[in-house]
Amino acid sequence: MLSLGRATASLTRGDAPSHLRFRDEARGIPSRFLIISASAAILGADGGFSAARREELAVSVKSSKSSAADGVRFAHASEAEFAKILDFYGIRWRYEPQSFPLAWDARGRVIESFNPDFYLPDHDLYIELTTLKQSLVTKKNRKIRRLRELYPHVHLKIFYNKDYRQLLLKYGLRSTAAAG
Amino acid sequence: MTGTAQDIEETLFTREQIAARVVELARDISRDYAPHPPLLISVLKGAVYFLTDLSRAIEIPIEVDFMAVTSYGSAPAQSGVVRLIKDLDVEITGRHVVLVEDIIDTGLTAGYLLRLLQARSPASLQICTLLDRPRRRILEELPIAYRGFEVPDRFLVGYGLDYRERYRHLPFIGVLKESALQASD
């Protein structure tokens, strides 16, 4: 079951799974089921989704969670600011579009996952902003190491608190940097 | 924040070290572009100091021109997107262009400028940057052909680099004290 979980996760890279996961999580359906159905959406042939349905999903993905920081509910103010910076320079992004399973129980259910904050589709790059206290950063670092072991093809850039603060200071955003 | 050398915690590159590296970069550009004299494009304001010294050390014919764009966090940036506020005076179609930067950090500004310049169909387009800070790079695929120094993730000022428009005039590159970053004036 472990290998099934990993294989499923690798199949979920892309637009349709992200969208499905978000929309269905909002309906309260556990994400582990949605990741599988999302993979089916990509595979198509045995997934039960018609070509028309896949097209519908693809279209709705384009209009959801993609750029325009004003329309997205961010978990942290630093993420909203970062989205605005990306918008300012014309960089397309998606907010938390992908969940990477990191650990599974004996029945193959995902018990730990990692959701990078941003994905830049034109650069195939995930970005994680870590504005946490150092004690919490250690836990996140462990998850990031695990992510890199399991998904070596995934490009992930991490902005630690100091990195991000310096970036905000560079733009003259002292109050935001202090809050971050 | 005095805006002077008193606010500098540590000198990272002295005037002499910068001058020596600039000469080396100029030598490389002179060699590589000897058959095709380049147009050096500098971005106002930070890169002006570097361009001035670099251009005087280059030993082949060159031309220079300038661009300016709004910066995130600046007052004119309220429109929400980067804007070109000073365009080039010359056409670059078919020209060999070197974009001269003081520092490449996230690469967001350079990326924007490259898209803008590339759309004008230059014969070639490369970047020459005095400082390179890859740790915070977001856009990895920048054509950096010449780089002076790789720098750590510290707040640097001097030799064109500013903090709230101050410290540009310092002849060396230094790390700004935390107290200066915190100062309200």
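Analyst: Start with the fold of chain A. Read along the sequence, its pattern is α-α-α-α-α-β-β-β-β-β-α-β-α-α. That gives 8 helices and 6 strands. Both are DSSP runs numbered from the N terminus: helices are H or I with at least four residues, strands are E with at least two. This is a predicted model, where local features need pLDDT of at least 70, side-chain atom pairs count only at pLDDT 80 or more, and totals for chains, interfaces and linings use all residues. Residues are numbered from 1 along each chain as its sequence is written, chains are lettered from A and ligands numbered from 1 in the order in which they are written, and side-chain values use heavy atoms, without hydrogens and water.

Now the pocket. On a 1 Å grid over the protein atoms alone, a pocket is an open set of points where a 1.4 Å probe fits, with protein on both sides within 12 Å along at least five of seven lines. The largest pocket holds about 1,100 Å³, the space filled by probe spheres set on points joined across faces, edges and corners. It is lined by 43 residues, each with an atom within 4 Å of a point. Closest to its centre are Lys170(A), Ser71(B), Asp162(B), Glu165(B) and Arg168(B).

Both chains contribute elements. Helix 7 (161-170) of chain A supplies at least two lining residues. So do strand 3 (63-69), strand 5 (96-104) and helix 3 (108-118) of chain B. Strand 5 of chain B gives the most, with 4 residues.

The lining has 20 nonpolar, 11 polar and 12 charged residues. Here Ala, Val, Leu, Ile, Met, Phe, Trp, Tyr, Cys and Pro count as nonpolar, Asp, Glu, Lys and Arg as charged, and the others, Gly among them, as polar.
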